[in-house]
Amino acid sequence: MTKTPETDAAWSLSHVGTSAEVKVQAALTALRLVAYVPLERIWRGLGPRRKPHERPLIRGYVFAKLGDQTHRLHEVGHGARLIPTAAPETLAAFVAALQAAEAAGAYNHARARKTLSPGDRVRIASGPFSGVTGAIARLGADRRAVVMLNAVKGISGTMSVAVEQLEGV
């Protein structure tokens with residue numbers, strides 16, 4: 001990227017209209033300004049129509065390096081307006097942390113997971129029963145699994161657990 005006054009400028013925060021974050025980012029980029037919208041990757045849809053989808057992590061806001069070109073924010077439309085910030089260095093650190101976390105995959109909630117099925121051995125990964133192992137008895141449509149627990153202090157039984165709390169053993 002070529003160094004310009006806009007790329008060296010401090011980050012500013014802009015409030016935009018509903019669901020217009022990515023459009024405003026594209027419009028600012030077309031105006032040769034640096035813009036950033038942190039995205040999270042989620043699952044959308046049910047069953048076989050379930051697909052990964054990206055959406056803004058912070059809805060209604062776009063980070064941009066406008067420099068002395070703040071007037072150009074109004075050219076992009078979508079109700080974009082500048083939000084005054086008192087500490088630009090704090091905003092720059094926040095944007096850097098968001099970019100690093102996004103690059104590390106912290107906001108990727110649509111990672112491929114091993115599909116669990118009845119009979120699979122699992123461990124409860126979180127919650128009050130963390131570390132307890134068992135086998136899946138059945139899977140419900142509500143993203144819960146009935147797990148037959150191994151004997152804990154001589155007691156065994158079944159428990160309904162969210163699939164997200166389980167990991168294969």
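Which backbone nitrogen does the side chain of Asp120 reach? I started my notebook with that, keeping in mind that this is a predicted model.

**Entry 1: Asp120.** I found Asp120 in the loop that runs between α3 (88–103) and β7 (121–124). Its side chain comes to 2.9 Å from the backbone nitrogen of Ser117. Is Asp120 buried or exposed? I looked up its relative accessibility, which is 18%, so Asp120 counts as buried, the cut-off being under 20%.

**Entry 2: the largest nonpolar core.** Next I turned to the nonpolar residues. The largest nonpolar core has 13 residues, and the members touching the most others are Val24, Leu28, Val62, Leu66, Leu73 and Val76. I noted that α2 (21–30) and β5 (61–65) each give this core at least two residues. A friendly reminder to myself: nonpolar side chains tend to be buried together in soluble globular proteins.

**Entry 3: Val76.** Which residues does Val76 contact once its neighbours within four places in sequence are set aside? I listed Val24, Ala27, Leu28 and Leu31.

**Entry 4: Leu66.** I then picked Leu66, one of the core members named above. Leu66 sits in the loop between β5 and β6 (81–83). Its relative accessible area is 1%, so Leu66 is buried. I also checked Leu66 against Ala9: they are 57 residues apart in sequence, yet their C-alpha atoms are 6.6 Å apart in space.

Notes. Residues are numbered from 1 along each chain as its sequence is written. This is a predicted model: local features need pLDDT of at least 70, side-chain atom pairs count only at pLDDT 80 or more; totals for chains, interfaces and linings use all residues. Side-chain values use heavy atoms; hydrogens and water are left out. A nonpolar core is a set of buried Ala, Val, Leu, Ile, Met, Phe, Trp, Tyr and Cys residues joined through side-chain atoms within 4.5 Å. Buried means under 20% relative accessible area, exposed over 50%, partly exposed in between (1.4 Å probe, protein chains only). Helices (H or I, at least four residues) and strands (E, at least two) are DSSP runs, numbered from the N terminus. Contact means heavy atoms within 4.5 Å. A polar contact is a pair of N or O atoms within 3.5 Å; within protein, one must be able to donate a hydrogen and the other to accept it, and residues adjacent in sequence count only if both atoms are side-chain atoms.
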